[in-house]
Amino acid sequence: MTMIEVRAPNEQSEGTRSQVQRWLKGIGEPVAENEPLIEVETDKVTIEIPAPAGGVLQEILKQEREEIEPGELLGTIQSVTDGAVPAAPVKKPINPAAEIRTAAFAAHADALASQISPAVRRLLTQHGIAASTIRGSGAGGRVTVDDVLRHIGSQGSTETDVAGRRVPHTAMRKRIAERMVQSLLHTAPHVTTVFEADLSAVIVHRAAHKDEFQRQGASLTLTAYFLAACVDAIREVPEANSRWTDSELITPDAINIGVATALEGKGLVVPVIHGVQDLGLLEIARELGEVVQRARDDKLTPSDVRDGTFTISNHGVSGSLVATPIIIHQPQSAILGVGKLEKRAIVVTDNDGDRIVIQPRCFITLTLDHRVMDGHRANRFLQVLVERLEHWKD
């Protein structure tokens with residue numbers, strides 16, 4: 001029999017961290033080769049790690065909710081080479097004296113637990129604390145209210161009187177929070193510029209082509225138009241598609257645009273459409289629809305969220321007119337915000353003078369890393385983008 005190592009994937013998206021979400025097998029349980037063994041959650045995706053060989057799970061070295069590094073050893077499998085299934089590991093005998101002491105301690109803890117007052121029991125339940133973890137100062141070692149409050153204070157909690165439902169942070173939510181603070185407060189000076197766009201031409205084009213796109217397996221959304229228009233704007237202002245380093249500005253040849261996608265009850269992921277500069281509107285619409293659907297079905301792969309160079313946040317789908325600043329997705333240099341599309345009355349000037357017309361319009365923002373570009377370059381980016389949208393041509 002051979003011991004097979006179970007390791008975390010070596011590949012990992014830049015800036016992400018991972019943790020074990022859950023083991024799908026317990027120690028001593030048989031597992032088949034390539035059978036899902038572990039679920040690992042990052043701030044971007046949840047992936048399954050398959051068993052590298054068939055056998056019996058021998059060791060679990062990383063428990064649920066523990067953070068892991070790329071390539072780190074997570075457990076071992078006892079491989080079966082002769083077709084026999086090995087028995088589950090046998091626990092080492094416990095020292096009899098230690099076993100007696102443990103039993104005595106448990107009995108003593110049970111006795112103390114029966115003496116807990118209703119007020120103490122309520123505090124313990126509220127904070128999810130076992131009475132046996134607290135050293136009591138009352139008569140005969142009884143746990144008092146003051147003992148519980150001291151214990152809570154030692155754990156860093158400042159909300160001893162707050163009653164309510166407590167939901168532990170997921171790895172995704174914690175990583176999003178960390179990255180937002182890091183990006184805004186410790187990395188990039190954020191500046192936002194705001195333009196407004198008339199989407200009349202886009203809406204007319206979409207109405208004429210959406211059925212044709214649908215027959216070819218693509219849902220023609222407004223976001224697809226913004227992806228295509230961003231290519232023109234980035235070609236004019238390539239700094240928007242770059243990353244800052246202490247020694248130089250790196251501008252990739254490829255335009256890989258991430259689309260921020262909200263997942264109900266989980267947070268935000270940013271699946272990436274790669275090589276947008278080489279795609280037509282039909283291809284953009286098809287790839288956008290596929291990757292967003294994978295995100296909503298929790299089926300994203302690491303490659304789906306890797307190597308983004310620019311990001312779009314279509315916050316208007318939930319009713320927002322303007323959002324600022326939208327936090328830049330590090331190590332990128334800019335993020336586009338698209339507000340709610342709505343009919344607005346505006347004044348236009350033509351040969352007959354000023355008149356009021358109704359147009360479908362939305363606010364568009366570009367939040368940028370001010371180290372990378374100045375305001376006039378950000379404005380130029382949005383000028384090109386708006387021009388492309390307002391005079392849409394295939």
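Ala, Val, Leu, Ile, Met, Phe, Trp, Tyr, Cys and Pro count as nonpolar here, Asp, Glu, Lys and Arg as charged, and the others, Gly among them, as polar. By that division, the lining of the largest pocket has 14 nonpolar, 12 polar and 2 charged residues. The model is a predicted one.

Stay with this pocket. Select Thr 223, Ala 260, Arg 296, Asn 314 and Val 317, which lie nearest its centre among the 28 lining residues. The space amounts to about 660 Å³. Next colour helix 6 (222–236), strand 13 (261–263) and helix 7 (281–296); each supplies at least two residues of the lining. Helix 7 gives the most, with 6 residues.

Now show the aromatic pairs, of which the structure holds 2. Select Tyr 225 and Trp 392: the ring centres are 4.9 Å apart and the planes stand at 75°, so the pair is edge-to-face. Tyr 225 belongs to helix 6 and Trp 392 to the segment after helix 8 (375–390), so parts 167 residues apart in sequence are tied together. Both Tyr 225 and Trp 392 are buried.

Move to Phe 310 and Phe 381, a tilted pair with 5.6 Å centre to centre and 35° between the planes. Phe 310 is in strand 16 (residues 310–313) and Phe 381 in helix 8, 71 residues apart. These two are buried.

Finish at the open sheet, where 4 strands run antiparallel in the order 1-8-6-3. Strand 1 (2–7) and strand 3 (30–31) are its edges. Between strand 6 (residues 55–60) and strand 8 (residues 73–79) there are 5 bridges; Gly 55 stands opposite Ser 79 in strand 8.

Methods:
Residues numbered from 1 in each chain as written. Predicted model: local features only at pLDDT ≥ 70, side-chain atom pairs only at ≥ 80, totals over all residues. Heavy atoms only, no water. 1 Å grid on protein atoms, 1.4 Å probe; cavity = no way out; pocket = protein on both sides within 12 Å on 5 of 7 lines; lining within 4 Å. Points joined across faces, edges and corners; volume = space filled by probe spheres on them. Pairing = 2+ DSSP bridges. Phe/Tyr/Trp six-rings, centres within 6.5 Å; stacked < 30°, edge-to-face > 60°. Buried < 20%, exposed > 50% of the residue type's maximum accessible area, 1.4 Å probe, protein only.
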